[in-house]
Amino acid sequence: MGLAKRIIPCLDVDHGRVVKGVKFVEIRDAGDPVEVARRYDREGADEITFLDITASHEERETMVHVVEEVASQVFIPLTVGGGIRAVEDIRRMLNAGADKVAINTAAVFNPELVREASSKVGSQCIVVAIDAKRVSGEGEPSRWEIFTHGGRKPTGIDAVEWARKMEAFGAGEILLTSMDRDGTRIGFDLELTRAVVDAVGIPVIASGGVGNLQHLAEGVTEGGADAVLAASIFHFGEYSIREAKEYMAARGIEVRL
Amino acid sequence: MSSVIVIDYGMGNLRSVAKALEHVTPEARVIVSADPGAIRAADRIVFPGQGAMGDAMRALRERGLDTLLGEVVRNRPFLGICLGLQALMEQSEEDGGTAGLGLLPGSVHRFPSDMKGGDGTRLKIPHMGWNQVHQCSPHPLWRGIPDQARFYFVHSYYVRADDPSVVAGTTRYGLEFVSACARDNLFAVQFHPEKSQQAGLTLLENFMRWDGQAP
């Protein structure tokens with residue numbers, strides 16, 4: 001026995017409200033991040049990730065309050081991503097009670113931010129989020145590139161190389177999302193997951209494409225991921241986190257039950 | 001109900017520790033401070049910490065807390081967390097060799113980079129996530145927590161104790177390391193009880209109700 005593979009529900013938050021329709025019959029206010037986080041905590045989530053999708057910079061302060069509220073009531077690790085551009089943003093989230101901060105686009109435009117942040121607050125607090133899309137054609141060796149702006153803008157940066165570089169810059173963890181699979185519910189891009197897992201020595205969280213429990217298990221057994229992140233299969237109450245863990249445990253995966 | 005002080009010496013974010021203590025004992029006074037007078041006046045002491053050992057020892061010395069900790073560690077319930085366990089030891093390999101507070105017999109070492117898991121894959125450093133803690137002997141702080149319960153860890157260095165009688169818990173990650181120490185009124189853990197959901201909250205609640213007597 002040893003370290004458990006982690007299951008991480010992810011919540012999109014806009015102006016302090018959970019969006020993308022969380023539907024739990026038992027919850028009075030499915031838009032309240034605190035209520036939803038408490039529910040996942042009770043079900044046995046190993047961590048919770050909040051993605052702040054608020055468009056305007058001025059309203060980012062709302063997210064700080066959300067983190068403060070959640071961190072006062074939910075005692076598992078919390079990760080916050082979205083709109084992180086400077087070490088100051090990171091500090092604000094950590095002081096509010098976040099344990100880790102995910103840096104995405106800002107790392108692409110300013111990789112030094114990852115180096116600066118990890119030396120100031122510690123690598124264990126810095127997650128680099130990578131949005132990757134397959135760019136190789138039929139019959140070519142597989143290749144993925146980093147995309148920004150929700151997968152619309154290519155950067156020409158090789159995703160596997162980028163993961164290695166971010167580790168060297170001090171990232172403590174990689175949150176790897178397949179933009180080809182995100183929202184499709186047909187499973188992770190396991191080849192991408194495996195390629196990044198094999199390239200780095202830091203934990204990798206697989207994300208993008210989960211539609212059922214088998215997909216979650218495959219992320220670990222075939223993709224080699226240390227943690228699996230999903231949104232919709234948990235939000236709509238199709239599966240509880242507990243069910244997901246029992247499913248994985250039955251397949252020989254070590255989980256915290 | 002009693003007061004508890006979370007010692008704030010600039011090493012990591014202590015908000016979660018304070019919030020968790022408030023959560024388990026709403027009637028207690030939870031103070032976050034480095035003030036020597038406040039530390040002496042508190043009924044219970046929590047000594048947390050995250051980051052590098054060299055920085056931690058410097059921060060403690062600058063605030064005159066190194067000698068004060070040696071004093072208060074002897075006479076009231078005291079809980080070390082993470083770096084707050086490691087700093088109690090005599091010596092650490094971190095930062096080219098750093099002397100600790102020397103309040104517990106043992107040393108701190110970096111996990112070897114070539115450790116392999118049961119399935120042959122390379123083990124990652126830091127050791128981050130939920131791992132099991134074997135309770136070596138009964139203790140008031142383990143009350144209500146099953147043996148081998150999982151707690152949340154984040155660390156790259158681990159403790160080796162020179163005296164087996166101070167080992168209260170062990171964990172396996174490539175090798176077996178000391179994840180909890182206990183002696184008299186002192187208890188210290190490598191994991192983060194404030195981030196370990198029910199098992200962690202139970203441990204904190206046990207600490208808040210502990211009279212400081214060893215079992």
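B:H109 is a buried residue, with a relative accessible area of 11%, where buried means under 20% relative accessible area, exposed over 50% and partly exposed in between (1.4 Å probe, protein chains only). The model is predicted, so that local features need pLDDT of at least 70 and side-chain atom pairs count only at pLDDT 80 or more, while totals for chains, interfaces and linings use all residues. Residues are numbered from 1 along each chain as its sequence is written, chains are lettered from A in the order in which they are written, and side-chain values use heavy atoms, with hydrogens and water left out.

**Around B:H109**

B:H109 lies in strand β7 (residues 106-110) of chain B; helices (H or I, at least four residues) and strands (E, at least two) are DSSP runs, numbered from the N terminus. Not counting residues up to four places away in sequence, B:H109 touches B:E93, B:S156, B:Y157, B:Y158 and B:R160, contact meaning heavy atoms within 4.5 Å. The side chain of B:H109 makes polar contacts with the side chains of B:E93 (3.0 Å) and of B:R160 (3.5 Å). A polar contact is a pair of N or O atoms within 3.5 Å; within protein, one must be able to donate a hydrogen and the other to accept it, and residues adjacent in sequence count only if both atoms are side-chain atoms.

**Where the chains meet**

In the interface, 26 residues of chain B are in contact with 36 residues of chain A. The two chains bury about 2500 Å² between them, 53% of it on carbon and sulfur atoms, buried area being the accessible area (1.4 Å probe) that two parts lose on being put together, summed over both. In chain B, the residues that lose the most area to chain A are B:K124, B:M128 and B:W130, together 28% of what that side buries.

Across this interface the rule finds 14 residue pairs in polar contact (both at pLDDT 80 or more). The largest share of the side of chain B that touches chain A, six residues, comes from β8(B). The rule also finds three salt bridges across the interface, a salt bridge being a side-chain nitrogen of Lys or Arg within 4 Å of a carboxyl oxygen of Asp or Glu.

**Salt bridges**

Over all chains, the structure holds 26 salt bridges, and the table lists some of them.

| Pair | Closest N to O distance |
|---|---|
| A:D226 and B:K124 | 2.8 Å |
| A:D198 and A:R194 | 3.3 Å |

A:D198 and A:R194 are separated by about one helical turn, because they are four residues apart in helix α7 (residues 190-199) of chain A. A:D198 counts as exposed, at 54% relative accessibility, whereas A:R194 is partly exposed, with a relative accessible area of 31%. In chain B, the side chains of B:R209 and B:E27 meet in a salt bridge (3.8 Å, N to O). This pair links distant parts of the chain, with B:R209 in helix α6 of chain B and B:E27 in the loop between α1 and β2 (29-33) of chain B, 182 residues apart.

**Buried interior**

The largest nonpolar core has 83 residues, and those with the most contacts inside it are A:I48, A:I130, A:I174 and A:L216. Helix α2 (residues 61-71) of chain A gives the most to this core, with six residues. A nonpolar core is a set of buried Ala, Val, Leu, Ile, Met, Phe, Trp, Tyr and Cys residues joined through side-chain atoms within 4.5 Å.
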